[in-house]
Amino acid sequence: MDQVAQVREKIDLVSLIQEYIPLKKAGRNFKAVCPFHNEKTPSFVISPERQIWHCFGCQKGGDCFTFLMEYEKLEFPEALRTLAKKAGVELKESFFQTGLSSKKDKIYALNRLALDFYHYVLTKHKAGKKALSYLENTRKIDNKLIETFALGFSPKEGNALSNFLVAKKKYQKGDLIEAGISFEYRGQLMDFFRNRVMFPLFDHRNNIVGFSGRVIDPPAGGSEGGKYINTRETLVYHKGGMFFGLNTAKEEIKKLDKVIVTEGELDVISMFSQGYKNAIAIKGTALTEDQANLLARFTKNIALCLDQDVAGSQATKRSFLVLEEKGFATTVVLTPNGKDPDEAIKNDPIAFKKALKSDISIYDYFFSNAFSSFDKETTSGTRKITEELLPIFMQIGNEVVKEHFLKKLAKELNTSYESLLREIEKIEKKEIAKDEIILPTKDKRERTEILEEYLLALIIQSENPAEIFEYAKESLKDYKFRTASIEKIIGFLNIYFKTHRQFDVKQFSNVLPQELLKTFDICFLLPMPKLLEEEEYRDEAQKAAKELRLLFLKDKIKFLSQDLKNKEKDQKPEEIKKLEEELSELIHLLSTSSSVIQ
Ligand code: ZN
């Protein structure tokens with residue numbers, strides 16, 4: 001057995017996926033809300049018998065490797081290495097010599113060297129003296145914090161790091177550019193970060209994916225670019241996919257089952273120094289879906305501690321939509337005087353602690369925000385308030401909470417709950433109209449194709465496939481399948497049941513040709529429209545088979561009538577007679593079949 005198969009054999013897919021998302025038993029399979037697309041009703045199915053997963057919403061699917069690659073955004077070699085370690089399988093070196101994985105590893109290694117270099121400059125070299133005194137005296141960041149967050153300084157000289165990496169560490173120019181550490185300017189290799197305090201960015205797996213560089217204020221000798229610049233997009237650094245501080249905070253987040261989300265690196269460090277070790281910073285203005293997915297692994301309780309200006313409240317609103325969809329319980333921290341956490345702590349740590357403790361639910365936050373921005377006594381104010389709040393409140397996932405806030409709103413506005421519901425209906429209608437244009441229709445296939453898939457699913461998912469198969473076969477005597485792969489699988493089942501009474505799914509899938517496996521697996525995992533009792537499988541299969549046969553007969557009649565018309569024109573009495581007989585037989589068949597099904 002090759003090593004990939006060996007790892008796959010040893011990993012239990014159900015327990016692997018369970019480490020990331022909660023699963024629910026559903027018959028012989030497990031179900032979950034899909035982590036790869038937005039949905040409320042679960043269409044993500046896992047089969048313990050087949051050790052496969054498939055999502056009927058976004059059509060993603062596969063085995064343990066594809067799950068990990070998709071979830072952790074890994075390349076195959078990385079997923080293999082992770083799972084091999086888990087399974088206790090020692091891999092031969094040859095797996096990692098080539099490809100993307102080694103490219104990523106090279107960037108991680110380069111970033112590690114860059115971090116050590118920046119850190120050395122800040123803490124030991126005279127070029128970092130000014131920055132060190134700025135951090136210690138102006139920012140009150142002591143030695144211990146500098147070590148904890150591995151802070152550094154990038155020297156003013158344009159190519160100190162690049163030179164060090166090429167001359168001393170023997171890296172190629174191209175590697176440094178690919179890692180985002182350097183760039184080429186007039187044929188010269190230049191450092192990307194210059195004259196900045198450096199904050200390394202780790203992913204939750206402790207790889208250094210990039211840096212954030214901040215100017216010292218007031219800027220020493222002027223500065224190019226903004227107050228902060230980040231590593232540009234590389235193979236390992238993706239904007240909107242990570243946080244600053246997650247690697248140091250994640251254990252505390254798990255322990256407290258809560259995360260505090262701030263805007264900046266300095267907020268995280270200040271909070272850490274005060275003992276709030278579950279704070280992280282978004283590298284952007286609002287939380288992205290990727291970030292919410294990442295956080296969901298550690299906690300579902302989140303306190304937003306963002307700036308309280310217009311941009312901050314916009315960011316809170318956008319973050320809310322992402323978080324509500326994922327089922328987070330979200331609160332908002334209102335810092336004293338609207339200062340950012342770093343400033344608020346420096347001003348008055350006790351007041352900040354109080355604010356942190358009295359965080360309010362995000363719904364209350366929106367509520368009081370809207371009422372303080374607009375005058376509810378005027379008509380235009382009332383309209384503005386409803387326009388602001390209804391699109392938010394209609395997104396609330398919990399129906400009880402939703403009703404509570406709508407009733408509260410109705411009371412404040414001196415209107416009825418029902419009229420708010422009617423307004424919501426209007427908004428929803430508009431959104432559906434929007435959806436219909438943008439979204440592809442759910443299932444474009446013909447009913448015949450859907451029924452064929454359903455029939456095969458009924459057969460192979462039942463407790464007694466051989467029996468159900470016989471019933472279906474009986475109803476489908478002269479049927480011709482529309483979907484070639486399903487027809488082939490039915491053929492294989494036919495052969496299989498000649499020699500086996502029991503259906504062993506593993507054995508059967510081993511004899512299936514590779515190209516039929518995907519269709520088979522999809523049918524094996526296809527969720528039933530309702531939970532079926534065992535005897536209902538037979539009835540459903542019969543119903544599906546009969547409807548298929550009816551559709552088939554109707555099609556055939558249509559075809560024959562057309563044929564007959566053509567032949568009449570050509571005056572071929574022999575053939576016409578034959579066709580007429582065939583047609584009348586079909587019509588008879590159709591009428592008898594219909595009487596059975598109705
Ligand atoms: Zn999905």
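Phe469 and Phe497 are both buried. This is a predicted model. The two residues form a tilted aromatic pair, with 5.4 Å from centre to centre and 45° between the planes. Their pairing links distant parts of the chain, since Phe469 belongs to helix H21 (residues 465–475) and Phe497 to helix H22 (residues 484–499), 28 residues apart.

**Further aromatic pairs**

- The count of aromatic pairs comes to 38.
- Among them is the tilted pair of Phe36 and Trp53, whose ring centres are 5.6 Å apart and whose planes form an angle of 50°.
- Phe36 lies in the loop between strand S2 (29–32) and strand S3 (44–47), and Trp53 lies in strand S4 (residues 52–55), so this pair ties together parts 17 residues apart in sequence.
- Phe36 and Trp53 are both buried.

**Aromatic cluster and charges over rings**

- One aromatic cluster is formed by Phe320, Tyr363, Tyr365, Phe366, Phe367, Phe371, Phe393 and Phe405.
- Phe367, a member of that cluster, has the charged end of Lys408 over its ring, 4.6 Å from the ring centre.
- The charged end of Lys25 sits over the ring of Phe30, at 4.8 Å from the centre of that ring.

- Ser509 is part of helix H23 (residues 505–511).
- Ser509 counts as buried because its relative accessible area is 5%, under the 20% cut-off.
- Leaving aside residues up to four places away in sequence, Ser509 touches Arg50, Leu517 and Phe520.
- A distance of 30 Å separates the C-alpha atoms of Ser509 and Leu551, which are 42 residues apart along the chain.

Terms used:
Residues are numbered from 1 along each chain as its sequence is written. This is a predicted model: local features need pLDDT of at least 70, side-chain atom pairs count only at pLDDT 80 or more; totals for chains, interfaces and linings use all residues. Side-chain values use heavy atoms; hydrogens and water are left out. Helices (H or I, at least four residues) and strands (E, at least two) are DSSP runs, numbered from the N terminus. Buried means under 20% relative accessible area, exposed over 50%, partly exposed in between (1.4 Å probe, protein chains only). Contact means heavy atoms within 4.5 Å. Rings of Phe, Tyr and Trp (its six-membered ring) pair if their centres lie within 6.5 Å; planes under 30 degrees apart count as stacked, over 60 as edge-to-face and the rest as tilted. A charge sits over a ring if NZ of Lys or CZ of Arg is within 6 Å of the ring centre and within 35 degrees of the ring normal.
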